[in-house]
Amino acid sequence: MKKPLIASLSNPLVKQVRALRQKKARRESGLFLVEGIHHVGEAVEAGWEVENVLYAPDLLTSRFAHELMTRLPSPPQPVTPQVMESLADKENPQGILAIVRQRQTRLSDLRNVRHAVALVSPQDPGNVGTILRTMDGVGADVLFLLDGGVELYHPSVVRSSMGALFWKPVVQTSFGEFVAWARGREFQLIGTSARGEVEYHTLIPQAPWALVLGNEQKGLSREQMDACDVTVSLPMRGRCSSLNLSVAAGILLYQFGK
């Protein structure tokens, strides 16, 4: 049954979506926002729990989008273009967004992991999403977010992952618990540092392995590097001392995943 069109910016559902732009509301509700045709389609195809979908019929013109409407678990909620534009995270919205239930993956949930990435207290949500997208490209299995940092369901993580968030498990835990888990499964822990023991292209990793990267400002601490089996460096031939975190992760993942 088709739902009536929402035209009011003060509608309770519209207010809920607006609230979910804030971390506090996402944390308290266990929900998050997914915006755009591709991203909503990936969430649906991956089987995530979609609470509601809002769409602007006048803005939604692609065939894929209309096919997606028929595959939703419940009828979507039509809104006016003005309402959609007030909710969109960017200009020229594609005309669709979803409210989706968050997932929490635990260490005990993991099975058949061969290649992993661990980020220690990452600060930039765009980096986290981009690394997930790169992991999908190389076929890495799981992302670990260690000792806090970026909120996994931040809109920039969702957007920059290009749907990979819905297919790659992400475990949020402490550095110590991650190391204990990895040691119990004989993982090779490959740390990254400007002072790494070997240049990245000389290392032949031994599967199963996990690439461990520190955060954008501080990198890995001495204690964290000592917990790794080997540390690698990327040569810097110019004036800059380091690469962007997601760029470094991409180079290393494609090198080690060969």
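This is a predicted model: local features need pLDDT of at least 70, side-chain atom pairs count only at pLDDT 80 or more; totals for chains, interfaces and linings use all residues.
Residues are numbered from 1 along each chain as its sequence is written, and side-chain values use heavy atoms, with hydrogens and water left out.

**Whole chain.** Show the C-alpha atoms. They fill a box of roughly 65 × 40 × 35 Å along the principal axes. Colour by secondary structure to find 10 helices and 11 strands. These are DSSP runs numbered from the N terminus: helices are H or I with at least four residues, strands E with at least two. Of the 258 residues, 53% count as buried. Buried means under 20% relative accessible area, exposed over 50%, partly exposed in between (1.4 Å probe, protein chains only).

**Stop 1: α3 and α4.** Select residues 37–45 (α3) and 63–70 (α4). The two helices pack at about 35 degrees, with their axes 10 Å apart. Axes are lines fitted to C-alpha atoms, for helices over the stretch in contact; angles run from 0 to 180 degrees between N-to-C directions. Now show side chains. I37, V40, G41 and V44 of α3 make the contact with F64, A65 and L68 of α4. Contact means heavy atoms within 4.5 Å. Six of these residues are nonpolar, one is polar and none is charged. Here Ala, Val, Leu, Ile, Met, Phe, Trp, Tyr, Cys and Pro count as nonpolar, Asp, Glu, Lys and Arg as charged, and the others, Gly among them, as polar.

**Stop 2: T173.** Go to strand β7, residues 170–173, and pick T173. Is T173 buried or exposed? T173 is buried, with a relative accessible area of 12%. Leaving aside neighbours within four places in sequence, T173 contacts L107, L145, L146, D147 and F178.

**Stop 3: β11.** Select residues 230–233. V230 and V232 point one way, T231 and S233 the other, and all are buried. In a regular strand the side chains alternate between the two faces of the sheet. I190 has V230 as its bridge partner. V198 has V232 as its bridge partner. Two strands pair if DSSP finds at least two bridges between them.
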